[in-house]
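Dear colleague,

I am handing over the structure below, and I would be grateful if you could look through it alongside the notes that follow.

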Amino acid sequence: MCLFQTANFGEEQWIRKRHARVIFFPYIRYSSTVYIPHYWTILPPSGKELQLRTSYAAASCTHAIRIYNRRNHAVCGNLTFLKKNPLIFCKLGETSVMVTAVSKTKPSSSQFMPLVVDYRQKAAAAGRIPTNYLRRELGTTDNEILTSRLIDRSIRPLFPPGYFYDTQVICNLLAVDGVNDPDVLAINAVGEQQRMGKHSTVPVITDGELLINPTRAEMSSSTLNLVVAGGPSSQVVMIEASAENVLQQDFCHAVKVGIKHTQQIIHAIQQLAREQKITKRTPVKLFSVPADMVEHVVASESIYAVFTDSTHDKISRDEAINKVRLETEENIKDRYPQAEPFEVIESFNTVCKEIFRNLVLNEYRRCDGRELTALRNISCEVDLFKPLHGSALFQRGQTQVCRYNQVRGNESSKDEIENEYLVFGIKDKNFMLHYEFPPYATNETGKVAGLNRRELGHGALAEKALRSVIPKEFPFTIRVTAEVLESNGSSSMASVCGGSLALMDAGVPISSAVAGVAVGLISKANPAKLSEIQDYRLLTDILGIEDYLGDMDFKLAGTNKGITALQADVKIPGLPLKLVMEAIQQATVAKREILGIMNKCIAKPRANRKENGPVIENVRVPISKRALFVGPGGYNLRRLQAQTGVTINQVDEETFSVFAPTPGAMNEVLASISEISKDDQEQQLDFGAIYTATIIEIRDIGVMVKLYPNMSAVLLHNSQLDHKRIKHPSALGFEVGQQIQVKYFGRDPTDGRMRLSRKVLQSPVATVVKTLSEKQSISVGSSSSQTSSTASVAEDA
């Protein structure tokens with residue numbers, strides 16, 4: 001890929017020339033032997049049959065599988081110097097992604113899986129040069145962060161428990177063709193790179209038809225965008241979806257179709273791995289708690305008492321558990337003085353988790369006393385703050401979210417992000433939702449600055465849930481701010497509910513109310529085969545502790561009719577399809593119950609926006625006054641916008657679109673425009689008519705004249721005074737106050753100025769006389785009135 005730049009006297013012109021990208025695979029000579037890397041290639045023959053070809057220095061083998069009618073290529077290279085950490089090249093159409101994974105051999109001090117996924121899309125992949133000052137990629141964009149989270153959630157459950165080795169996965173976008181989205185391609189490459197037997201597909205519904213791995217053009221007309229990460233035995237590892245009120249049965253069918261197609265790719269990857277004799281890495285040590293140390297934890301009764309006391313709230317329950325924890329850890333340290341801190345902490349956590357999960361599995365009891373399918377107490381309020389366009393407070397148990405709406409004009413909706421613009425084109429949004437999670441929401445202290453990945457992901461999910469009910473032709477841009485005041489589980493779904501209430505309070509004509517709920521899972525693995533689930537319980541409207549000690553966070557949002565968004569994160573290697581279908585059904589029932597409670601607060605959008613709501617209006621400014629309205633270099637326009645807070649955009653020569661945050665600001669702008677154009681009499685003047693004008697001022701280049709008393713003086717240039725060439729009007733004996741006859745030729749189309757001429761009247765042509773009165777009206781008289789002292793006009797015969 002080559003990029004050229006030419007400069008011409010400070011004026012830059014960017015010229016792009018695209019060439020085929022050539023990737024050189026180096027070889028290493030060692031002990032007189034040349035090691036040539038091997039490649040895995042998926043080649044598309046005719047029809048729906050794809051060939052998986054493995055080629056290397058000495059031999060090759062070919063496999064054929066059938067996939068939805070799409071052309072897929074995957075080139076995987078295992079370089080010699082990266083033998084333990086190979087890199088993968090994955091290609092779909094002309095879109096290519098390179099994925100690398102590096103994991104340290106020495107364990108870290110972390111007590112969790114230290115996995116970092118970075119997805120980067122670069123301007124060079126689209127044959128572009130970044131448009132910022134430094135001409136290089138700066139920081140990470142929202143889309144890169146969201147794609148990184150998507151990949152992370154797809155592979156994290158597949159690592160073995162106790163794998164505490166720093167692992168980093170980097171996905172670089174090498175080429176983009178503008179047709180195929182690279183995010184799912186990166187997930188597939190990571191799955192193949194990790195050798196974990198997983199694959200992802202994206203089914204979408206277009207005109208009632210399911211498409212697998214669709215193009216961007218197909219997705220633009222789709223009602224469903226679903227990403228499914230699947231594992232062996234048709235297990236679901238991760239789901240991410242946004243939809244336009246898709247029915248529950250259609251959504252479930254799409255999940256099943258996606259999982260079905262993942263199995264074909266999984267089998268092919270596993271077969272290739274066997275033939276190449278590639279095995280998974282065996283960790284030096286998997287961290288686990290010694291069984292004898294767990295048996296020494298004698299605080300089971302105290303822990304059981306805390307978890308069965310439904311009078312506890314989040315803070316008091318945590319304090320009671322921490323009190324028991326401190327006593328138990330001291331006893332363990334006395335008995336096992338050589339134990340590592342991780343073993344001491346995890347021994348108590350293991351017992352605590354087992355007791356909590358057994359309560360749900362065996363006794364069908366939850367720590368707050370609810371039934372497994374019961375919701376927490378819900379309260380809703382709207383119109384909290386009168387100056388705001390819309391506001392709402394949604395509280396579910398100890399999760400409380402306050403929502404604020406800001407409505408702006410459409411011109412403010414252009415949200416251009418550097419790399420997205422370079423790679424995919426301009427991104428325009430008329431609706432955005434920003435999620436804020438301050439530290440006081442969980443009774444903690446912390447730094448309040450910037451935006452972390454979690455906040456961005458939760459905000460994106462809530463935005464997906466509400467976007468489909470926003471009218472596409474709504475003339476305003478909407479920003480919804482969700483501030484979490486208190487959190488004890490599922491604050492993102494509370495943001496969806498509060499956002500729906502705030503939109504209706506602002507008078508936004510959404511098609512239907514939207515609600516969201518989170519469903520959790522407590523499961524028991526099959527002792528004979530740990531990857532299978534022997535028994536399980538689904539929990540509706542989970543608490544924070546149920547999310548932490550459970551196996552799944554299944555978030556579903558939608559209307560009474562269908563589903564608008566879904567996100568499923570699991571902590572076990574996979575879920576059977578039956579369990580996923582049950583979770584969707586249970587969440588749907590809870591969603592409808594929540595919508596019933598919300599409808600009691602506000603059932604439909606306000607018919608009229610609030611008195612202080614925004615106003616948008618098209619106003620007409622005469623061409624003759626446009627220069628005065630805009631001012632030199634737009635000065636008057638900018639001053640008016642700064643003084644009133646309005647946004648003004650020109651529609652055509654005479655029409656301006658005015659967006660005002662309040663009706664008062666709009667009235668102020670309209671009064672200003674009326675003041676500017678009040679003396680305009682363009683419609684009272686006839687093109688080609690002859691008028692009597694009064695000289696107001698004499699200048700070197702001409703005379704300033706008026707046709708009626710209160711009009712703005714216009715210039716009659718020297719070139720239009722006489723057939724003779726004159727250098728100064730005094731050569732013709734003109735004086736201030738003198739009346740002369742001029743002919744009217746309309747307005748200049750560029751600046752709106754009046755065009756007059758005296759030169760064309762040097763021969764007698766008048767037969768009809770018109771007189772302008774003091775009230776700027778026009779009356780028709782006889783030809784004899786040409787000699788009267790009033791302003792007169794003659795028209796050509």
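Helix 6 and helix 8 cross in a right-handed sense, and in this predicted model the axes of helix 6 (residues 300–307) and helix 8 (residues 341–363) come within 10 Å, at a crossing angle of roughly 50 degrees. Helix 6 is therefore oblique to helix 8. On the side of helix 6 the contact is formed by Ser300, Ile303, Tyr304 and Phe307, while helix 8 contributes Phe348, Val351, Cys352, Ile355, Phe356, Leu359 and Glu363. Sorted by class, the residues of this contact are 9 nonpolar, 1 polar and 1 charged.

A second pair is formed by helix 1 (residues 142–155) and helix 10 (residues 453–467), whose axes lie 10 Å apart and which pack at an angle of about 90 degrees; since angles of 65 to 115 degrees count as roughly perpendicular, that is how helix 1 and helix 10 are described. Helix 1 makes the contact through Asp142, Ile145, Leu146, Ser148 and Arg149, and helix 10 through Arg453, Arg454, Leu456, Gly457, His458 and Ala460. By class, the contact of helix 1 with helix 10 has 4 nonpolar, 3 polar and 4 charged residues.

Finally, Asn718 sits in the loop between strand 32 (714–717) and strand 33 (739–747). With a relative accessible area of 8%, Asn718 is buried, and a polar atom of the Asn718 side chain lies 2.8 Å from the backbone oxygen of Asp700. Leaving aside residues up to four places away in sequence, Asn718 touches Asp700, Ile701 and Gly702, as well as Ile726, Lys727, His728 and Pro729.

Terms used. Residues are numbered from 1 along each chain as its sequence is written. This is a predicted model: local features need pLDDT of at least 70, side-chain atom pairs count only at pLDDT 80 or more; totals for chains, interfaces and linings use all residues. Side-chain values use heavy atoms; hydrogens and water are left out. Axes are lines fitted to C-alpha atoms, for helices over the stretch in contact, and angles run from 0 to 180 degrees between N-to-C directions. Helices (H or I, at least four residues) and strands (E, at least two) are DSSP runs, numbered from the N terminus. Angles under 35 degrees count as roughly parallel, over 145 as roughly antiparallel, 65 to 115 as roughly perpendicular and the rest as oblique. Contact means heavy atoms within 4.5 Å. Ala, Val, Leu, Ile, Met, Phe, Trp, Tyr, Cys and Pro count as nonpolar, Asp, Glu, Lys and Arg as charged, and the others, Gly among them, as polar. Buried means under 20% relative accessible area, exposed over 50%, partly exposed in between (1.4 Å probe, protein chains only). A polar contact is a pair of N or O atoms within 3.5 Å; within protein, one must be able to donate a hydrogen and the other to accept it, and residues adjacent in sequence count only if both atoms are side-chain atoms. A crossing is left-handed if the near helix is turned anticlockwise from the far one by less than a right angle, and right-handed if clockwise.
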